[in-house]
Amino acid sequence: MNLSLTASIIWAAGFAEHLILLCVLVFRGRWRLFPIFTSFIGFNAVRTILLFIAYQYGSAARYNQIYWTASCLDLALQIGVVYELARVALRPAGAWVKEARVRFILFGIAGAAIAAAIAYIIHPVFSNSLDSWIEKGTLFSAMLNVELCACLLVVSTQLGLFPTSYVMLLAQGWAVWSTVDLLAEAAYSHFGASWHGVALDYLRTFTYLFVTIYWIISLWRPEPERRTLSPDMQAYLNNLHQQLQSELSHVKKVEKH
């Protein structure tokens, strides 16, 4: 199998961007804050090479095997990235904010249930039942990714938590790409592969390439000054401090007796 010039350029650009972003994460020390995201970028760089070699020199069956195995690992890493963003954003003092954690978990469970229900009841335009179920799974993963990212953004905005601009920039880029991915997958599922399938793939791919450039520039730059905590968050931390002081005083009194 041979790639067209356009496809070859896209593959090369994707690998180059992943490699550059990986270097930025490692040499600028961002991997310490985002180890799962760093693993995700490194995995995609390796996957690009493996798929390119399999497509150029392997059989169609071997390419499909590598593609679907890598896709399953990719989905697991995507969910891990969203959790990592939530962990960093919703732990401004090194520990989870109780209200934020509860909201994120509840919204996440509800959204996952809704995504599973929608993926189950839809009927993709495929004659083969296996292809139909594969498309259901792909659509579910796209909806789940968008839903978890939306939960993170909503909860963080409500509580005024984003403690670092790096988290906000990564989450914003992730939200843009995952939304376009969901829209493209929904159109592909509803209209079928013959309905501008190549254009949809290009839309999804170029969006990811632009988002990756956005991440490279954002993570290379020094971190901007952190935003001031919201009044609700400041009140929460003040109450927590007072409670700790009260408990510490109580412990000292008990020790004296």
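1. A contact here means heavy atoms within 4.5 Å. On that basis, residues 24 or more positions apart account for 79% of the contacts in the protein chain with a separation of 6 or more. The model under discussion is predicted, and the points below should be read with that in mind.

2. Overall composition. The secondary structure of the protein chain consists of eight helices and zero strands, giving the pattern α-α-α-α-α-α-α-α along the sequence. The chain has 257 residues, of which 40% count as buried. Its accessible surface comes to about 14800 Å², and carbon and sulfur atoms contribute 66% of that area.

3. As general background, nonpolar side chains in soluble globular proteins tend to be buried together.

4. Helix H2. This helix covers residues 35–57; at 1.5 Å a residue, its 23 residues should span 33 Å, and the end C-alpha atoms are 33 Å apart, which agrees.

5. Phe40. This residue lies in helix H2 and has a relative accessible area of 1%; because the cut-off for buried is under 20%, Phe40 counts as buried. Leaving out residues up to four places away in sequence, Phe40 touches Asp74, Leu77, Gln78, Val81, Trp174 and Tyr208. The C-alpha atoms of Phe40 and Leu75 are separated by 9.8 Å, the two residues being 35 apart along the chain.

6. Glu84 is placed in helix H3 and is buried, with a relative accessible area of 0%. A polar atom of the Glu84 side chain lies 2.8 Å from the backbone nitrogen of Ile36. Residues up to four places away in sequence aside, Glu84 touches Leu33, Phe34, Pro35, Ile36 and Phe37. Phe34, for its part, is in contact with Glu84, Leu85, Val88, Tyr166, Val167 and Leu170, once its neighbours within four places in sequence are set aside.

7. Aromatic pairs around Trp174. The structure holds 13 aromatic pairs. In one of them, the rings of Trp174 and Trp177 have their centres 5.4 Å apart and their planes at 70°, so the pair is edge-to-face. These two residues are three apart in helix H6, and are therefore separated by about one helical turn. Trp174 also pairs with Trp215; here the arrangement is stacked, with 6.0 Å centre to centre and 25° between the planes. This second pair links distant parts of the chain, since Trp174 belongs to helix H6 and Trp215 to helix H7, 41 residues apart. Trp174 and Trp177 are both buried, and Trp215 is buried as well.

8. A further aromatic cluster. Trp11, Phe52, Tyr55, Tyr63, Tyr67 and Trp68 are linked into a cluster by ring pairs.

9. Thr212 is found in helix H7, which covers residues 197–220. With a relative accessible area of 1%, Thr212 is buried; apart from residues up to four places away in sequence, Thr212 touches Glu17 and Leu21. Ile20, in helix H1, counts as partly exposed at 45% relative accessibility.

Terms used. Residues are numbered from 1 along each chain as its sequence is written. This is a predicted model: local features need pLDDT of at least 70, side-chain atom pairs count only at pLDDT 80 or more; totals for chains, interfaces and linings use all residues. Side-chain values use heavy atoms; hydrogens and water are left out. Helices (H or I, at least four residues) and strands (E, at least two) are DSSP runs, numbered from the N terminus. Buried means under 20% relative accessible area, exposed over 50%, partly exposed in between (1.4 Å probe, protein chains only). The expected span of a helix is 1.5 Å times one less than its number of residues. A polar contact is a pair of N or O atoms within 3.5 Å; within protein, one must be able to donate a hydrogen and the other to accept it, and residues adjacent in sequence count only if both atoms are side-chain atoms. Accessible areas come from the Shrake-Rupley method with a 1.4 Å probe; for residues, only the protein chains shown count as cover. Rings of Phe, Tyr and Trp (its six-membered ring) pair if their centres lie within 6.5 Å; planes under 30 degrees apart count as stacked, over 60 as edge-to-face and the rest as tilted.
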